[in-house]
Amino acid sequence: MSEPHDTPYDYDVIVVGAGGAGLAASVSAAQAGARVLLLEAEDEIGGSTQLSAGLLTASATSVQDRLGIDDSPLRMFQHYMDLNGWRVRPGPVRMFCEESSSTVEWLLELGVEIPAQVSHSAHQPGLTRAGVEDVWRGHVPKDQGYGLVQVLDKARARLHVDLALGSRVEDLLVRDGAVCGVLLDGEEATAPAVVIASGGLAADPDLVRRFLPDAEIAGDALFVVAAPGSRGDHVGIAERHGLALFGQGWGLLLVTAEFQRYHHWQSGFPPASRIHVGLDGRRCMDEDAPYAVSPGILKDHGGWVWSVFDDDARMSLPSGYADWDADRILEEAAKGVVLRADTLERLADLMNVPPDHLTASITRFNSLFADGTDEDYLRHESLAAKGADPHLAPIANGPFFAVRMLPAELVCTHTGLEVDARTRVLGTDGRALPGLYAAGEAAGGILGERYVGGGNSVAHALVLGRVAGREAAACAVASSSPTDKAPV
C-alpha cells in the first residue's frame, strides 16, 4: 500500500481494472500528481487490449500529418455520429474525437511506436484503412496490443502507481452521496475518486444473453475472444447504486465460418476467391466488407449467409492455421458442417437455394473479377486497400464447398456505465455521482451500434482512460480541503 499521508484516504485515485483503459487512467492520474492504486481481478495485466492488434482510431495526428492526410476532430465526429445514426451521446463522442489526437501524441511520448507509413493490415505498423472511416484513421502500433500494454505498464511503474493483482472489487463505497473508495476481499480501500475500467461483459454468458441478444444468432458456433476478466462487474455496480447503463443491444460480433473457433491470428483467413450468397442463392455483399458493417448486412439476410468456394481455393489456403486449412476443410466436410458437392447444382440442393440463382451469381462473379472490377459491390476497392490483386481466380473447379458465415466471434460489448463528456458516471436520474468515473468497455455512451472501424474499442479505452485519470486526479485535489470530512 502507500506511504503514510495527511489525508483521510488511503489513495487519491483508485482504478479498477488494469487493461488498456485502467493503465491509461492510472498513468494519467499519476502524471497529475495523484497517489494511485490500480486493482486487477486477474493474475496479469493487459485485459482485452493485450489480446488485440492495438489498432487506434484517431484524427489530426502527427502520423496522419506526415502522410499528408488532412483530418480534424470535427470531421471525425460528424462521420462517427452519422454512422451511428446519432444514437450515441454527442457530448462524450465529441470529447472522444477531440482527445484522440492528443492521446496518440501522449502514447508516442511514452514510447509507443507508430511509424508514418502506409499499412495494409491491422498487423503492420503504420496508418491503415481500418473500417468504414471517411479518411484513414487506423493507427497500428509496433508490437500490437501487447506493446501498448508494456509501454503503459512501464510508465505506471515509473510513476510509482501501486498495482494489486488478483484483487476483484466487490462493490463501491458510497457515503454522504459521494464515492469514497471500494470494497474488496471484505476490506475497504478508500479514495475520493474511483475509475471503473473493469472491461465489458463478454465472458459472462448470462449477461451476454441479456445485453447482446444478437449473439444468440450464432448458436453453438459463438466464441469469445475478449479477456476472461470481462465479466460485467460494472453491471452489478450500476444496479446496486442506481447508475445508468447505456448501449444495450450493441457490441462487436465478427463474421466467421461456422467451424471457426479462434480469432484470425490463429484461425487464418478464408480464400480470396469466394462468394457470399444469401438464403435465396444470390450474391449479397462485398465478401471483404469491413467488420464494422458486415454483421448488419448478415442481419438483413436472415442472420447468416453462405460462403461458396471451389477446390482450387481450398488448396490455396496456407498451412499452419487452426481453422482455415485445406485439410481442416475436408474434415469439416466429412462432419457435414461444410457442404461439399461435385457440381454447383448439387451444392445448391444441399444449401437449399435455387440452383439457377447460385450458378448465375457465380458466373457473374467470375466475369467481374476476371476484369478486376466489381461493379456490383465494389469489392475490388476493399481488396486494393489491403494491397491485394482484385483479379481473382474463378470459382470453377469442383468439388465445390459451402459453409455458413455467422456473426459468431464476440470481441467486445458496448453496454457500460453512462458517462458524460468528462467521463463522470451518471445516475439513473441523469446526475453525476461525485467521485465516480468510467473508461473502456465499462463506459457507455460512445461505442454504438456501428463499430466505426478497427481501433474503435482500443482508442475508446485509452482516450477515456486518460481523460478519466486526469478528471479523477482533479476531483481528488478538490476533495483534499482541510474542511472535508473523513469517510465514516
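The following legends describe close-up views of a predicted model. Residues are numbered from 1 along each chain as its sequence is written. In this predicted model, local features need pLDDT of at least 70, side-chain atom pairs count only at pLDDT 80 or more, and totals for chains, interfaces and linings use all residues, while side-chain values use heavy atoms, with hydrogens and water left out.

**View 1. The largest nonpolar core comprises 97 residues.** A nonpolar core is a set of buried Ala, Val, Leu, Ile, Met, Phe, Trp, Tyr and Cys residues joined through side-chain atoms within 4.5 Å; buried means under 20% relative accessible area with a 1.4 Å probe, protein chains only. Val13, Ile14, Phe96, Val182, Val194, Ile196 and Leu436 touch the most other members.

**View 2. Val182 has contacts (heavy atoms within 4.5 Å) with residues including Ile14, Leu39, Asp171 and Val194.** Residues up to four places away in sequence are not counted.

**View 3. An open sheet of 3 strands has the order E3-E5-E4 with antiparallel pairing.** Two strands pair if DSSP finds at least two bridges between them. Strands E3 (56-57) and E4 (126-128) stand at the edges, each with a single partner strand, so one side of each lacks a neighbour in the sheet. E3 pairs with strand E5 (residues 138-140) over 2 bridges, and Leu56 stands opposite His139 in E5.

Conventions: Buried < 20%, exposed > 50% of the residue type's maximum accessible area, 1.4 Å probe, protein only. Helix = DSSP H or I, 4+ residues; strand = E, 2+ residues; numbered from the N terminus.
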